[in-house]
Amino acid sequence: MSHTVNDLDTAPRAGTPIERNRLPRWTPLAVAVGAIVVGVAVGAGAGLTSHVQWGLIALVVFVAGNYLVTRVTDGPRQAKDRVATSLVYACFILAIIPLYSLIETTIAKGVKVLGGTFLSHSMSGVLGTEPGGGVYHAIIGTLEQVGIATVIAVPIGLFTAIYLVEYGKGGLAKAITFFVDVMTGIPSIVAGLFILSFWILILGFGFSGFAGSLALTILMMPIVVRSTEEMLKLVPNELREASYALGVPKWRTIVSIVLPTSIGGIITGVVLAIARIAGETAPVLLLVFGSQVINNDPFNGPQSSLPFYIYEQYNLGNSASYDRAWGAALVLIILVMILNLIARGIARWKAPKTSGR
């Protein structure tokens, strides 16, 4: 063998296909702009009235254009890579379109009634066919019902997840995991029927916001358990072992090391669980019974909530009730968004500081 070390050097040389004709970074953006122009032109020329159809045409042109441009300049290997990246972008846009359409429609129709009067008045004394009235009583009901469910479900779910990750072994842990998985798939109407039969029919308690909170707790608990469990599993075992090596007991390690490390993910999971139950209608229909007036006591008497209010107003079937239903839907979205922002702020505040900050 007469080859030298220099001959075996595989570093690319100037002028090789690897370095020649590389596309600039702004190429995908230029292709995207061109695809939008082509999509609009083809859609308008073909008489397509839906902008969604125009967008789908633009996405197809975007993927095909990226492939052709990259194949001509960089070869088939880079072209396949660019197609895969383009498909990821296209799927992201397809996922965003329904969300954007939902938010845009809700805002456009909800702002018609959204205002100080709508937020500070109930439907007491207001005919369903006439304009006016408000959503204050439904906001109070939602905050109280979701708040009570959160107070009950979060500690139970948190301690259950800690047991499964830190202590659970053998048949008991497997049984708990199995039932948590089963509870995750329980329909909301089943949770409502269970509380209706047990809390109201068997124990004899009346319809109330607290009864609805119990059903929401059943729906919320498995989500908290699953999300918290996954976050605790992400904490490196080296942190636990280092704490044990210093003689710190296990419970103190969990409180001082494991939970602070995963607090951001845990809070995010709790917020997702709250968002999951905030829009539930079936348990509320069965258990809180609905009310047109303000009831600040969730433990006594019927109560309303935002999902129930939306359902109620939509069923009235007139223009004024439709506007109130869209306004309540917008309020519900705003409340969930505010809770999300608060949770992110708490997670950032409580997250362990690193040297890079």
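**Figure 1. Residues around the largest pocket of the predicted model.** The lining of this pocket counts 17 residues. Nearest the pocket centre lie I36, G55, A58, I93 and I97. The space inside comes to about 510 Å³.

**Figure 2. Helices that line the largest pocket.** Three elements are named here: helix 1 (27-45), helix 2 (51-74) and helix 3 (76-110). Each gives two or more residues to the lining. Which helix gives the most? Helix 2 does, with 7 residues.

**Figure 3. Residue classes in the lining of the largest pocket.** Nonpolar residues number 13 in this lining. Another 4 are polar. Charged residues are absent.

**Figure 4. Residues around the second largest pocket.** This pocket has a volume of about 290 Å³. How many residues line the second largest pocket? There are 15. V154, I263, I267, V270 and I346 are the closest to its centre.

**Figure 5. Helices that line the second largest pocket.** Two or more lining residues come from each of helix 5 (136-167), helix 8 (209-233), helix 10 (250-278) and helix 13 (319-350). Helix 10 gives the most, with 7 residues.

**Figure 6. Residue classes in the lining of the second largest pocket.** Here 14 residues are nonpolar.

Key:
Residues numbered from 1 in each chain as written. Predicted model: local features only at pLDDT ≥ 70, side-chain atom pairs only at ≥ 80, totals over all residues. Heavy atoms only, no water. 1 Å grid on protein atoms, 1.4 Å probe; cavity = no way out; pocket = protein on both sides within 12 Å on 5 of 7 lines; lining within 4 Å. Points joined across faces, edges and corners; volume = space filled by probe spheres on them. Helix = DSSP H or I, 4+ residues; strand = E, 2+ residues; numbered from the N terminus. Nonpolar A, V, L, I, M, F, W, Y, C, P; charged D, E, K, R; others polar.
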